[in-house]
Amino acid sequence: MDSTEIKIIKLAKKGNHQAFSDLVDLYKNKIYHLGYRMLGNKQEAEDITQETFLRVYKSIHKYDAKYKFSTWIFRIGTNLCIDRLRKRKNAFSLDAETIEGEGIDGYDILPSEDDSPDQQLIISETQRHVREAIDKLPEKYKSVVVLRYLHDLSLQEVGDILNMPVTTVKTRVHRGREYLRKKLEHGNLM
């Protein structure tokens with residue numbers, strides 16, 4: 001955490017609205033992407049982002065500065081996503097909507113620089129299959145896989161966010177990867 005961020009957090013804890021707005025600017029995209037990756041829905045990701053910052057605002061006085069702020073806010077966002085997944089219970093598909101919005105599928109967001117239409121189709125299909133496989137992961141594996149691989153967090157950071165030992169995180173990452181490998185092999189993608 002850099003000194004500017006530490007200063008912003010201290011000001012936000014004292015009730016400075018501009019400082020809190022700066023925190024929102026720093027983390028809104030990261031929390032949105034966390035929500036989108038875990039929930040697979042643009043609207044729900046926006047809701048999770050808003051709810052995360054609402055909770056941060058209400059409880060920023062409880063934040064302990066000896067821990068990384070990013071770990072704290074990711075924990076809040078991840079817990080909200082897990083709660084929503086538990087409530088949902090029904091399976092859903094990520095291929096119905098992309099990050100760019102409704103009516104746009106994976107084919108529309110592929111870069112057209114060097115790839116041929118056939119290559120784009122293969123990439124798009126592969127991405128779709130990977131997203132679907134991640135989406136079907138059991139909750140306990142999905143959260144660690146999303147945080148570890150899609151947000152590039154260390155095992156320790158994932159453990160801090162999910163409040164679990166690093167050994168448990170390692171086990172869940174391993175089992176999550178195995179689950180994905182089997183799902184993708186079954187789909188003849190590997």
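In which helix do Arg-128 and Glu-125 both lie, and how many residues apart are they? Arg-128 and Glu-125 both belong to helix H6, which covers residues 117-135, and they sit 3 residues apart, about one turn of the helix. The structure described here is a predicted model, in which local features need a pLDDT of at least 70 and side-chain atom pairs count only at pLDDT 80 or more, while totals for chains, interfaces and linings use all residues. Residues are numbered from 1 along each chain as its sequence is written, and side-chain values use heavy atoms, with hydrogens and water left out.

**Overall architecture**

- The protein chain has 9 helices and 0 strands, where helices (H or I, at least four residues) and strands (E, at least two) are DSSP runs numbered from the N terminus.
- Read from the N terminus on, the elements of the protein chain follow the order α-α-α-α-α-α-α-α-α.
- Of the 190 residues in the protein chain, 39% are buried; here buried means under 20% relative accessible area, exposed means over 50%, and partly exposed lies in between, with a 1.4 Å probe and protein chains only.
- Among the contacts in the protein chain with a separation of 6 or more, 62% come from residues 24 or more positions apart, a contact being defined as heavy atoms within 4.5 Å.
- The protein chain exposes about 11,300 Å², of which carbon and sulfur atoms supply 49%; accessible areas come from the Shrake-Rupley method with a 1.4 Å probe, and for residues only the protein chains shown count as cover.

- Helix H4 has 20 residues and reaches 29 Å from its first C-alpha to its last, which is close to the 28 Å expected at 1.5 Å a residue; the expected span of a helix is 1.5 Å times one less than its number of residues.
- Because 14 of the 20 residues of H4 are buried, this helix is largely enclosed by the rest of the structure.
- Thr-71 is found in helix H4, which runs over residues 69-88, and with a relative accessibility of 10% Thr-71 counts as buried.
- When residues up to four places away in sequence are not counted, Thr-71 touches Glu-157, Asp-160 and Ile-161.

**Salt bridges**

- The structure holds 13 salt bridges, each being a side-chain nitrogen of Lys or Arg within 4 Å of a carboxyl oxygen of Asp or Glu.
- Side chains of opposite charge can pair when their charged atoms come close.
- Arg-128 and Glu-125 meet through their side chains in a salt bridge of 2.7 Å, N to O; Arg-128 is partly exposed at 21% relative accessibility, and Glu-125 is also partly exposed at 21%.
- Arg-55 forms a salt bridge with Glu-51, in which the closest N and O atoms are 3.5 Å apart, and because the two residues are 4 apart in helix H3 (residues 42-59), about one helical turn separates them.
- An α-helix has 3.6 residues a turn, so residues three or four places apart point the same way.
- Arg-55 is partly exposed, with a relative accessible area of 41%, and Glu-51 is partly exposed as well, with 26%.
- The side chain of Glu-51 also meets that of Arg-84 in a salt bridge of 3.9 Å, N to O; this pair links distant parts of the chain, since Arg-84 lies in helix H4 and Glu-51 in helix H3, 33 residues apart.
- Arg-84, with a relative accessibility of 22%, counts as partly exposed.
- A network of salt bridges links Glu-44, Asp-47, Glu-51, Arg-55 and Arg-84.

**Loop residues with positive phi**

- Asp-152 has a positive phi of about 55° although it is not a glycine; Asp-152 lies in the loop between helix H7 (139-150) and helix H8 (155-162), and Asp-152 is exposed, with a relative accessible area of 65%.
- Asn-163, which is not a glycine either, has a positive phi of about 55°; Asn-163 has its place in the loop between H8 and helix H9 (166-186), and Asn-163 is exposed at 64% relative accessible area.

**His-17**

- His-17 lies in helix H2, which covers residues 17-39, and His-17 is exposed, with a relative accessible area of 56%.
- Although His-17 and Tyr-57 are 40 residues apart in sequence, they are 9.7 Å apart in space, C-alpha to C-alpha.
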